[in-house]
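Morning, everyone. Have a look at it first.

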Amino acid sequence: MLMSILPLLFFFALGFLPAQDRPQASASGFTLRLKAYDDRGELLEREQFLSYIGRADRKPEDEKIPLTLTSPQNLGSTVPWLKQSDSTLTLGWDKLARVQISLPWPVKESGFSTVWLDNGGRGYASGETVLLNEEIALTQYRLFQEACLRHNSGRPPAYKAGPQVRKLISHAGRTLTEARAKPAGPERAAAFDRLLRQTAAAWEKMLVEHGRQIAGHSKNKNELRFGLTLDESLLDRLDHHREIIDMVKDSGTNWVRLVFRSNPSDFAYSRIASFNEYDGIVLRLRAAGLNVMGGV
């Protein structure tokens, strides 16, 4: 599932803030109340939440929390803790007045992705309640919009969105409006999950689309390396080497990484004879105008 705007950074020393505006920490540090729903609309408690965002081989007794907390300006980080009290899931930390959060999150039809939630770049202060599904989708949607602007103004050619990407962006905009109109609860979470899914799909297609536009731009042909990997199974397909080389050339690539098969009798490839199988294909790749890089 799921790129130049430079944010203006303002730094305030806490000692210069009015007392009522200073972040208040409890005896156990700063805390946020978290709400997260899974793809079935179930409100997640601590162990369910850790399983939902954790590795498939995670054991119940594993206390590692796969969340990263940093300041909104990325000037520091802190170690989080997570506890369940009655129906409240609490995320806690110390030292930082406001935090942004990064965590692994399942994106339907796309797979796990590392996502951010940052409250519009401001971060979260102690005492707030955060609906993870909503905040993740809103942050990723904003980051995608910023990425589109960077692609429009970065390395030439400027990105031109195709019909598929424009359609996905349009769908995401409508879904955002619908999601904001939903009452708090599983339906609202599900709507924002749809927004996240549409954002991830649009972002992925945008990257592929602009990559092809850059690769096909005449000015970039001699400046950039575009490469493909021919893995060790190539040796089993040498009878089809002409078709393989034609496909590589048609892709627009100018480099090939050729992966050498493991050689038990000469593991370090220290003998010239160990390269006999590859000599012919390397010569043919070079004759086709392709640069070759070896990988063992």
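An axis here is a line fitted to the C-alpha atoms of a helix, over the stretch in contact, and angles between axes run from 0 to 180 degrees, taken between N-to-C directions. Keep in mind that this is a predicted model.

Let's start with packing. Two packed helices are described by the angle between their axes and the distance between the axes.

Take helix α2, residues 132-153, and helix α3, residues 163-181. Their axes come within 12 Å and cross at roughly 150°. An angle over 145 degrees counts as roughly antiparallel. So α2 and α3 are roughly antiparallel to each other. Their crossing is left-handed.

Which residues of α2 and α3 meet? From α2 we have L138, Y141 and F144. On the α3 side they meet I169, A172, G173, L176 and R180. Sort the residues of this contact by type, and you get six nonpolar, one polar and one charged.

Next pair: α3 and α4. Helix α4 covers residues 186-215. Here the axes come within 9 Å, and the crossing angle is roughly 160°. Same cut-off as before, over 145 degrees. So α3 and α4 are also roughly antiparallel to each other. And α3 passes α4 in a left-handed crossing.

On α3 it includes V165, L168, I169, A172 and L176. On α4 it includes A191, F192, L195, A202 and M206. By type, the contact of α3 with α4 has 12 nonpolar, four polar and five charged residues.

Let's zoom in on one residue there. T175 sits in helix α3. Is T175 buried or exposed? The cut-off for buried is under 20% relative accessible area. T175 has 6%, so T175 is buried. What does T175 touch, leaving out residues up to four places away in sequence? The answer is A191, R194, L195 and Q198.

Now salt bridges. How many does a search of the whole structure find? Nine.

I'll show you three of them. First, R188 and E134. Their closest N and O atoms are 2.8 Å apart. This pair links distant parts of the chain: R188 is in helix α4, E134 is in helix α2, and they are 54 residues apart. Both R188 and E134 are buried. There is also a network: salt bridges that share partners join D118, R142 and E146.

Then D38 and R40. In this salt bridge the closest N and O atoms are 3.3 Å apart. D38 counts as buried, at 6% relative accessibility. R40 counts as exposed, at 69%.

D57 is partly exposed, with a relative accessible area of 47%. R55 is exposed, at 62%.

On to the strands. T90 is in strand β5, residues 88-93. Its relative accessible area is 11%, so T90 is buried. Set aside neighbours within four places in sequence, and T90 is in contact with T31, L32, W81, L82 and K83.

Now find G76. Where does G76 lie? G76 is in the loop between β2, residues 68-70, and β3, residues 77-78. G76 is partly exposed, with a relative accessible area of 23%. Beyond its neighbours within four places in sequence, G76 is in contact with L69, T70, S71 and L96. For a sense of scale, compare G76 with D250. They are 174 residues apart in sequence, and their C-alpha atoms are 47 Å apart in space.

Last topic: backbone angles. Most residues other than glycine have a negative phi.

One is D86. Its phi is positive, near 55°, and D86 is not a glycine. D86 lies in the loop between β4, residues 81-85, and β5. At 71% relative accessibility, D86 counts as exposed.

The other is E109. Again no glycine, and again a positive phi, about 70°. E109 is in the loop between β6, residues 98-107, and β7, residues 111-117. E109 is exposed, with a relative accessible area of 72%.

Key: Residues are numbered from 1 along each chain as its sequence is written. This is a predicted model: local features need pLDDT of at least 70, side-chain atom pairs count only at pLDDT 80 or more; totals for chains, interfaces and linings use all residues. Side-chain values use heavy atoms; hydrogens and water are left out. Helices (H or I, at least four residues) and strands (E, at least two) are DSSP runs, numbered from the N terminus. Angles under 35 degrees count as roughly parallel, over 145 as roughly antiparallel, 65 to 115 as roughly perpendicular and the rest as oblique. A crossing is left-handed if the near helix is turned anticlockwise from the far one by less than a right angle, and right-handed if clockwise. Contact means heavy atoms within 4.5 Å. Ala, Val, Leu, Ile, Met, Phe, Trp, Tyr, Cys and Pro count as nonpolar, Asp, Glu, Lys and Arg as charged, and the others, Gly among them, as polar. A salt bridge is a side-chain nitrogen of Lys or Arg within 4 Å of a carboxyl oxygen of Asp or Glu. Buried means under 20% relative accessible area, exposed over 50%, partly exposed in between (1.4 Å probe, protein chains only).
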